[in-house]
Amino acid sequence: MPIDRQLKILWIYPEIPYPLTSGFLRGFHLLRILGQSHAITFLSLTSQTRVPPETIQALEAYAERIEIFSRCSSPGSRWLRICRRIPVLGGRLQEYCNTRNAVERMRRAAHNLLQKQIFDVVLFHGREALPVLEGIQIPIVVDCGDTNSTRILQEMHRVRLTRRPKLFFHYVKERRLEERLARKTSYRCFISTRDRENLLGFSDRSEIVPQGVDDSYWKRRFSPSGRNCIAFSGVLNYPPNADAALFLLDKILPLVRRSLPKLEVLIVGRDPTPELVNAARHYDDVTVTGAVEDVRPYLELADVFVAALRFASGVQNKVLEAMAMEVPVVTTPVVAAGLCVDGIEPPLVIGLNDEEIANGIIRLLIHPEERSSLSAAGRRFVEAHCSWSHIAEKLEGLCLAAAGHVTESYRPNLISTARR
């Protein structure tokens, strides 16, 4: 994309996007690429009390200025010191006050920078720092990302009745926040078509800036084990992942064992729930690894990757990584819906229920030629549609449009994202 001139971007982010295991790798890769062409001032919240020097060093290579605002402290007051002694409620009140204080400090810093310097655009990610945008007069670009309300609504159908009122309250809160964020600007993007449609309807044409994957890092070096190895990875205390892992162990694998009694099952990722650990103890062929330094060796062992998520929003990094590692993926419709890029469906085996997922696993394990074909197709899909350079170009185009540097090739998208 031709650039008229370098943009000066004030970037607001919800958490420090480093290290890459932090869960904010999208932010790091977009900063890494855009920071090579544009002048970026990067403001971030953080839940860390102390930011390691190597983290700052990693980000400084791509930003002219970095300011970090910790949620871990706030000015004390007598009433707050008293309230924090209240069990449960006191801790939540402290957390709320700390976050509010960090956001206010970030807001003052952002407005001070805007008074002293000329910026072309404010680039905003996240939701809790929304007050920072109040009163800003220059163009704003919002990365709406995924919609938590989508996931919560799906989760409500999977939990006990006693949990539904709490989830409904959470759903309403998230939905209102997401709608407020989307209304801030017509220059907005979502991580998937599914998330955009669930929030703004089928007629909205906001840009889709999907999730990327570093296909040079996630690259197979060795052949699969050939031992009927099934893998799943993720942060295992995250509700969609915890539910998927238990669904795999308790419902899907017993069906697979009827046809293939000898399996090797790897559940890889940090913070497995006690329920998952206890369930795995009943199966000799299941290993729950806990946190690992590198997931790739486990994916290289896998003959099949199973992402049996029953509720989800956005794009599942774990599936893109498995596809990049040439591991065929068996998954559910809610995962597949987030992975469509530019109307192109990813090469996946999709099951609607435990029986269909089990049949998909069995078919791939007993047909190596189909497994090999799907593995190669997954890698090609990632290379063609999910490179970070391709993703960053989409976000760059939105920033250029907002700043008034619109190329002819981008102008149709600008027209379709007019304010509702």
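1. The largest cavity has a volume of about 60 Å³, where a cavity is a set of points on a 1 Å grid over the protein atoms alone at which a 1.4 Å probe fits but cannot get out, and a volume is the space filled by probe spheres set on the points, joined across faces, edges and corners. It is lined by 13 residues, with P210, V315, G338, L339 and V341 the closest to its centre, lining residues being those with an atom within 4 Å of a point.

2. This is a predicted model, in which local features need pLDDT of at least 70 and side-chain atom pairs count only at pLDDT 80 or more, while totals for chains, interfaces and linings use all residues. Residues are numbered from 1 along each chain as its sequence is written, and side-chain values use heavy atoms, with hydrogens and water left out.

3. By class, the lining of the largest cavity has ten nonpolar, three polar and no charged residues; Ala, Val, Leu, Ile, Met, Phe, Trp, Tyr, Cys and Pro count as nonpolar, Asp, Glu, Lys and Arg as charged, and the others, Gly among them, as polar.

4. A search of the whole structure finds two cavities of 30 Å³ or more, and the second largest cavity holds about 40 Å³ of space. Its lining includes M323, E326, P347 and R379, and divides into six nonpolar, two polar and two charged residues. Helix α14 (residues 368-385) supplies the largest share of that lining, four residues, helices being DSSP runs (H or I, at least four residues) numbered from the N terminus.

Note on methods:
1 Å grid on protein atoms, 1.4 Å probe; cavity = no way out; pocket = protein on both sides within 12 Å on 5 of 7 lines; lining within 4 Å. Helix = DSSP H or I, 4+ residues; strand = E, 2+ residues; numbered from the N terminus.
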